[in-house]
Amino acid sequence: MGTTEKLDSLVRAEFSPKTSYLNTASTGLLPARAVAALHEAALMRAEGRPLLPLYENVEICRAAYARLAGVPATRVAAGASVAAHTGVLAHSLPAGAEVLTAEDDFTSVLNPFHVRGDLKVRTAPLERIAESVRPGTALVAVSAAQSADGRLADLTAVREAAREHGARTYVDFSQAAGWLPVDAAQYDFTATVSFKWLLGPHGAAFLTVPEDFGGLVPLLAGWVAGEAPWDSCYGPVAELAHSARRFDLTHALFTYAGLRGSLELLEEIGVSALHGHAVRLADRFRAGAVTLGHEPVPAPGSAIVSVPGLGSRQPELSRAGIEVSDRAGNLRAAFHLYNTETDVDRLLNALA
């Protein structure tokens, strides 16, 4: 079975959207296997069965995400949100440290640095992030793909500039991991959520850290952060995990039960195939929008397409069974494995 046929077969087996769903940048669809796992996990709790078997899903998801991100599982922490992970990074910085961020990046990547109150948070346009790194910059924090409009950061240039000036890097892959090939090993810290392109339930987020933990303090650590978690339930944790698990937050067991199937599905298809499929559909929509007289935000190679000035049409499109989002006045369409050319053409016809 060829790549296209395999993708089509898996999509038919796993998804049954009732709309033309082009809103993965907000929330991804749950595959059938994830829904079944969530149902079983809920029944386990409702029926009073032991929940201990659900804990193995956390480690299976950690290992699966590590493979997707290109790092050892020992570098992956399982948390709850990008904002919480950013908060741990912000706490680790000394007073007066300079953090370079992108203009209008997603709040979860930025706000914890601002609320510290004693950091120098500097902002630059996305296309000028790399050239804006300077001596004294302690950390560069940027999303791989911008939430509002899908623009891709030049991460290679950012990484090289940061290394040249001795700065660390923090990349949010929330709008990228799952369709864009990711190499988290190239950056000091990265984060992503479970419920967008990874197609999982809400409630989980992954953080990758260096082997030496990059100076982070496990500020939010509880019993699951212990080297022996079940021996760390009472009193201070005597021995933190020797791996990135020391940054884990209490696990949302239902979430990881569903996410396990979602990550397995992504691995079965392969990110390379997903990338080609999603970008091809995005390019089709970009070209069609131009034909209709609209000018999408320039974001070559992105699975997210934003068209300025059309965000206000989101409600009428939703009523017509086409799900997109209104972000910063843009009509934002996001293309993933369950989308087809029919979805693209339906949106273009509605806009026409």
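A residue is described as buried when its relative accessible area is under 20%. The legends below refer to a predicted model.

Figure 1. Apart from its neighbours within four places in sequence, H85 is in contact with G79, Y170, A191, A205, F206 and L207.

Figure 2. Domain 1 is made up of two segments, 3-29 and 270-351, whereas domain 2 covers residues 45-267. A distance of 27 Å separates the C-alpha centres of domain 1 and domain 2. Contact between the two involves 32 residues of domain 1 and 21 residues of domain 2. About 2,000 Å² of area is buried between domain 1 and domain 2, and carbon and sulfur atoms give 65% of this area. Within domain 1, the residues that lose the most area to domain 2 are V271, I304 and H336, which together account for 23% of what that side buries.

**Figure 3. Polar pairs at the domain interface, and the elements that domain 1 supplies.** Polar contacts are present, however, with 10 residue pairs counted between domain 1 and domain 2, both residues of each pair being at pLDDT 80 or more. On the side of domain 1 that touches domain 2, at least two residues are supplied by each of α1 (3-14), α9 (271-291), β9 (304-308) and β12 (330-334). Of the elements on this side, α9 gives the most, with 4 residues. By residue class, the side of domain 1 that touches domain 2 comprises 18 nonpolar, 11 polar and 3 charged residues.

Figure 4. R122 is located in strand β4, which spans residues 120-124. The side chain of R122 is joined to that of E98 by a polar contact of 3.0 Å. When residues up to four places away in sequence are not counted, R122 touches V99, L100, T101, S132, R134 and T137 as well as E98.

**Figure 5. Two loop residues with positive phi.** Most residues other than glycine have a negative phi. D104, although not a glycine, has a positive phi of about 60°. This residue, D104, is placed in the loop between β3 (98-102) and α5 (107-116). The second case is L199, also a residue other than glycine, whose phi is positive and near 65°. L199 is placed in the loop between β7 (189-193) and β8 (205-208). Is each of these residues buried or exposed? D104 is exposed, with a relative accessible area of 72%, whereas L199 is buried, with a value of 0%.

**Figure 6. Salt bridge between E59 and R62 in helix α3.** Both E59 and R62 belong to helix α3, residues 55-69, where 3 residues, about one turn of the helix, separate them. The closest N and O atoms of the E59 and R62 salt bridge are 2.9 Å apart. E59 is partly exposed, with a relative accessible area of 38%, whereas R62, at 3%, counts as buried.

Figure 7. The side chains of R49 and E40 form a salt bridge with an N to O distance of 2.9 Å. R49 is partly exposed at 32% relative accessibility, and E40 is partly exposed as well, with a relative accessible area of 34%. In the salt bridge between R151 and D149, the closest N and O atoms lie 3.0 Å apart. R151 is partly exposed, with a relative accessible area of 22%, whereas D149 counts as buried at 10% relative accessibility.

**Figure 8. Salt-bridge network of R280, R284, E341 and D345.** Which residues are linked in a network of salt bridges? The network links R280 and R284 with E341 and D345. A search of the whole structure finds 21 salt bridges.

Terms used
Residues numbered from 1 in each chain as written. Predicted model: local features only at pLDDT ≥ 70, side-chain atom pairs only at ≥ 80, totals over all residues. Heavy atoms only, no water. Domains from an automatic or database assignment. Contact = heavy atoms within 4.5 Å. Buried area = accessible area lost by both parts, 1.4 Å probe. Polar contact = N/O pair within 3.5 Å; in protein donor to acceptor, adjacent residues only side chain to side chain. Nonpolar A, V, L, I, M, F, W, Y, C, P; charged D, E, K, R; others polar. Buried < 20%, exposed > 50% of the residue type's maximum accessible area, 1.4 Å probe, protein only. Salt bridge = Lys/Arg side-chain N within 4 Å of Asp/Glu carboxyl O.
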